[in-house]
Amino acid sequence: MNLIKYQIFSKVVEIGSLTKAGEMLNLTQSAISHAISSLELEFGLSLLIRNRSGIRLTNNGERLIQHIREILQLNEKLNQEVAAIKGVEIGTVKIGTFSSVSIQWLPHIMKLFQNQFPHIEMKLLDGNYLEIEEWIANGTADFGFVNMPTLQAFDVVPLQKDRMVCIMCSNHPLAGQSTIRIEQMIDEPFIMPVAGCDTDVKRIFTQNKLIPKIKYELEDDHAIIAMVQNGLGLSILPEMILSQLSDNICCRPLDGEYYRSICIATTSFKNVSPAAKKLIEFITRWVAHRTPY
């Protein structure tokens, strides 16, 4: 069993490019191609389809990639356990994260954690809620930050309830109110977040049996804020995203209790690696005792 070939194959699938995987692994494209071909020869199976649009897994590759990732995770866990017995904290932890956590929490967490555990490396995978859940489920990430409820059955640790608020330009007629009722928004042009907290926003309107007048749908939080800032509509976003707003945009709480629930999720806390377990515990303590944003 050649773990180097497994690592190369897993990285190529994760990145979706032989060239980019080679750059990340500091290997030539020729070396990457040779490793994949050697693995295919060893298995007697075709694993990847290569064409002008890139690479994708064959049916055989789809069946085997999860097992290969599990082997790599177990090997990483074994190395970490051996190091822990020797009194050394080492390892690599891959974390699925979304933008507001990456901006508001992780820089502080990573700095403090690295000071305490300098030999544990953290790798961040930035995506939306659905992508993060997929990365956790298929082993690409050791754990991730998710928004409850999740589509997958994970072990979770609740971290924070993040209030959902209405944002508008500062000269909007509703800006003078202390809170905004959902029904006040349905006749306004609405900018819907997608591939992220759209599930929370849609749930708010569904609970109130209302349908917003959606004018634009955007994935990037900062793009949504810019559109609102220029008077193109209202939106609803988690408060955590809105820590630094300009003077010509304002946010108002919604009339009611509306939150997103940020959690850490993994397939199994029992089977997570020692380094990942240590980082999860560190994050949980930090969030519980940090100064609010």
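A: Helices are DSSP runs of H or I with at least four residues, and strands are runs of E with at least two, numbered from the N terminus. This is a predicted model, where local features need pLDDT of at least 70, side-chain atom pairs count only at pLDDT 80 or more, and totals for chains, interfaces and linings use all residues. Residues are numbered from 1 along each chain as its sequence is written, and side-chain values use heavy atoms, with hydrogens and water left out.

Q: How many salt bridges?
A: The count is 7 salt bridges, each a side-chain nitrogen of Lys or Arg within 4 Å of a carboxyl oxygen of Asp or Glu.

Q: What does arginine 203 pair with?
A: Aspartate 200, at 3.3 Å from N to O.

Q: Is aspartate 200 buried or exposed?
A: Buried, at 3% relative accessible area; the cut-offs are under 20% for buried, over 50% for exposed and partly exposed in between, with a 1.4 Å probe and protein chains only. Arginine 203 is partly exposed at 31%.

Q: Which residue does arginine 50 bridge to?
A: Glutamate 40, with the closest N and O atoms 3.8 Å apart. That pair links distant parts of the chain, strand 1 (residues 48-51) and helix 3 (residues 29-43).

Q: Switching topic: how many disulfides?
A: The count is 0 disulfides, taking a disulfide as a pair of cysteine sulfur atoms within 2.5 Å.
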